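Subject: Structure handover

Hello,

Here is the structure I promised to pass on. Please open it and keep it beside this note while you read.

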Amino acid sequence: MSSSDSTRGSIAILGTGLAGMGHAGGASEQEIIAKASCMAIERSGLRKSDIDGIITSSLISPWWVMRMAEYLGIRPRFSDSTMFGGSAFIADLKIAQMAIDAGECENVLICYGSTPRSAPSSSRVNQMRAELDPQPYEHPYKAFNPVSSYSLAAARHMYEYGTTRKQLAEVAVAARKWAQLNPDAFSKKPLSVDDVINAKMISDPLTVLDCCLVTDGAGAIVVSSAKRAKERHAKPIYVLGSGFAHWHRQISCMEDLTITPAQESGSKAFAQAGLIPADVDVVELYDAFTINPILFLEDLGFCRKGEGGAFIEGGRIEPGGAFPMNTNGGGLSCVHPGMYSIFLIIEAVTQLRAEGHARQVKGAEVALVHGNGGVLSSQATAILSSSL
């Protein structure tokens, strides 16, 4: 497969930064985002004055991009705060590419952070969301969302394709084994399949260990034109292709609980990159719940629909397995501050620069990152590479 798309690889990721991972120790969201952003800018080989674009969004504030630009002391020529839920920061790569290619800006900071663990306010936030963003076919029934929505998808996949409870649990076990190799990961206690299955039930068939963490954390990346990337960084990581799609907002409006818009976002990303799934060396998938990676592996073309459970069995996605997946520990064991996709990008860059140390995937040259937002609602895919 080849691509004639002139935008293939037109942007590159330079610096990355992390801050407040796990527990921010009393620092505010703005403070840890600023720390991660300053780290990313410094590591990019740029100065803060070189940043003329900023993209960020928040679960709680529609004004967040203005707040962060003000806090960082940036006067951007381009800014965006489009909110797609957890997939947003991979979708932002497409927005950054279009802005840079159009000459609207040269160097874009993409950043996110939150502190739901050290400053919990989930009950108030959930109440505000119900009032400001009502789901008319669901809120009257007081569903325990988002968990119950994902449990519907899991139950349907199990019913329709024979996916087993053990296969779901293996996703969490593999994530924990990767986390044990990552100094930034929050949860490192040994975990077995039985531990996952016998944990506290949250929404059948998902137990608490099938669900992502609630942690603090911030991440940032700096994106620039590929034409000048080599001048600025010794190891720029090129965005070969990206895609985004959303088909529904509420789970009750999802046409098929086993098929997600990842089919569309993935096909767009692969087409722009001129690659196929077999070309990918490492995969970073949004694992808010254990069913997610199984669905995404199918929809992105790594296996056929209904075969995702069997695909991940037998340690295949664990360290040393044939299919390295979620190598930082994922949202299940590394970090999950409300939205997660910025951390997928940062981990992929780490792998492609061979900076993963104990968790490094040998010879990784191409990585796929995939983000999920809402209740399997918005999907964003990007294919990154250490070379054009």
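Ala354 sits in the loop between H13 (341–352) and strand S10 (366–373). Helices (H or I, at least four residues) and strands (E, at least two) are DSSP runs, numbered from the N terminus. Ala354 is not a glycine, yet its phi is positive, about 55°. It is exposed, with a relative accessible area of 56%. Here buried means under 20% relative accessible area, exposed over 50%, and partly exposed in between, with a 1.4 Å probe and protein chains only.

His357 is in the loop between H13 and S10 too. Its phi is positive, about 55°, although His357 is not a glycine. His357 is exposed, at 72% relative accessible area.

A word on the source. This is a predicted model, in which local features need pLDDT of at least 70 and side-chain atom pairs count only at pLDDT 80 or more, while totals for chains, interfaces and linings use all residues. Residues are numbered from 1 along each chain as its sequence is written, and side-chain values use heavy atoms, with hydrogens and water left out.

Next, the cis peptide bonds. One joins Asn145 and Pro146, with omega about 10°. Pro146 lies in the loop between helix H4 (122–132) and helix H5 (147–161). Another joins Asp204 and Pro205, with omega about 15°. Pro205 is in the loop between strand S5 (201–203) and strand S6 (206–207).

Now the second largest pocket. On a 1 Å grid over the protein atoms alone, a pocket is an open set of points where a 1.4 Å probe fits, with protein on both sides within 12 Å along at least five of seven lines; lining residues have an atom within 4 Å of a point. The pocket holds about 430 Å³ of space, a volume being the space filled by probe spheres set on the points, which are joined across faces, edges and corners. Its lining has 26 residues, and Leu18, Asp184, Ile346, Thr350 and Arg359 lie nearest the centre. Strand S1 (11–22) gives the largest share of the lining, six residues. Helix H1 (29–44) and H13 each supply at least two.

Last, the core. The largest nonpolar core has 123 residues, and Ile13, Ile110, Phe302 and Leu384 have the most contacts inside it. Such a core is a set of buried Ala, Val, Leu, Ile, Met, Phe, Trp, Tyr and Cys residues joined through side-chain atoms within 4.5 Å. Beyond its neighbours within four places in sequence, Ile13 is in contact (heavy atoms within 4.5 Å) with residues including Leu93, Val222, Ile345 and Leu384.

Best wishes
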